[in-house]
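Please have the sequence and the structure at hand while reading.

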Amino acid sequence: FSEENPNPVMRATREGRILYANAPSRALLQHWNAAEINEVPEAWKQIIASSFDQNLKRSIDVAVTDHFYSVMVVPLREAGYVNLYGSDITERRRAEGKFQTIFEDSPVGIFQSTPGGKFINVNAAMARIYGYDSPQEMIDSISDIGSQLYLTLEDRNIFAQLLEAAGTVQEFEMENIRKDGSVIWTSTSAGADHDRDGKILF
């Protein structure tokens, strides 16, 4: 272990006794009240023991005053201990919080959906546009976007083909069906997230 590492690095036994902690770990140790007793809290003892017994890495987010850390638990069963590697994810969490605020408060409908046609997320404006009482009601009610939301399947196919070919679609106008069966015109812009093989995730 290097004392020059700017991130928290710790080592603990399966039972949660701390064997080593570098200087940047101090904030976590104080948060856990572990600086004096050299033991992690009971909840973390269970996490460490489970990770060790199953020989599985686990990543846990921890809020410490005004900072957030992601702590990776890495079991080394042959050596009889686990290593804990922390990274400061405060800026990422703040950015996520800002996005969530924009998502929830936007007057424009925003959504995420699977390639198979199932909503992952919709915001309140999206639900309101389509006549649903809440985002969750819309998510639960729509199991096939192509057949339940699009007036014509041809529009859905064209939209999907454009997204597949270009990765983005801008201001695609089409007729959609609201909850009460009425038809509205909408203009949709969308982008696709891909996996390493280029397959669309959502």
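Which strands are included in what covers the buried residues of H2?

## Basis of the report

The model is predicted, so local features need pLDDT of at least 70 and side-chain atom pairs count only at pLDDT 80 or more, whereas totals for chains, interfaces and linings use all residues. Residues are numbered from 1 along each chain as its sequence is written, and side-chain values use heavy atoms, with hydrogens and water left out.

## Helix H2 and its cover

The cover over the buried residues of H2 includes strand E1 (9-13), strand E3 (58-64), strand E4 (67-76) and strand E5 (81-88). Such cover is judged by contact, meaning heavy atoms within 4.5 Å. Helices (H or I, at least four residues) and strands (E, at least two) are DSSP runs, numbered from the N terminus. The buried residues of H2 are Trp44, Lys45, Ile47, Ile48, Ala49, Ser51 and Phe52. Here, buried means under 20% relative accessible area, exposed means over 50%, and partly exposed lies in between (1.4 Å probe, protein chains only). An α-helix has 3.6 residues a turn, so residues three or four places apart point the same way.

Helix H2 comprises 13 residues, 42-54. The expected span of a helix is 1.5 Å times one less than its number of residues. For H2 this gives 18 Å, which agrees with the 18 Å between its end C-alpha atoms. After H2 comes Asn55, which has a positive phi, near 55°.

## Salt bridges

A salt bridge is a side-chain nitrogen of Lys or Arg within 4 Å of a carboxyl oxygen of Asp or Glu. By this rule, there are 4 salt bridges. One of them joins Arg14 and Asp53, at 2.8 Å from N to O. Because Arg14 lies in the loop between E1 and strand E2 (18-21) and Asp53 in helix H2, this pair ties together parts that are 39 residues apart in sequence. Arg14 is partly exposed at 28% relative accessibility, and Asp53 is partly exposed at 40%.

Lys45 also forms a salt bridge, with Glu39, at 2.9 Å from N to O. Lys45 is buried, while Glu39 is partly exposed, with a relative accessible area of 30%. In a further pair, Arg178 meets Asp180, with the closest N and O atoms 3.4 Å apart. Arg178 is partly exposed at 22%, whereas Asp180 is exposed at 57%.

## A residue of helix H7

Glu154 belongs to helix H7 (residues 153-166). With a relative accessible area of 55%, Glu154 is exposed. The C-alpha atom of Glu154 is 45 Å from that of Ser70, and the two residues are 84 residues apart along the chain.
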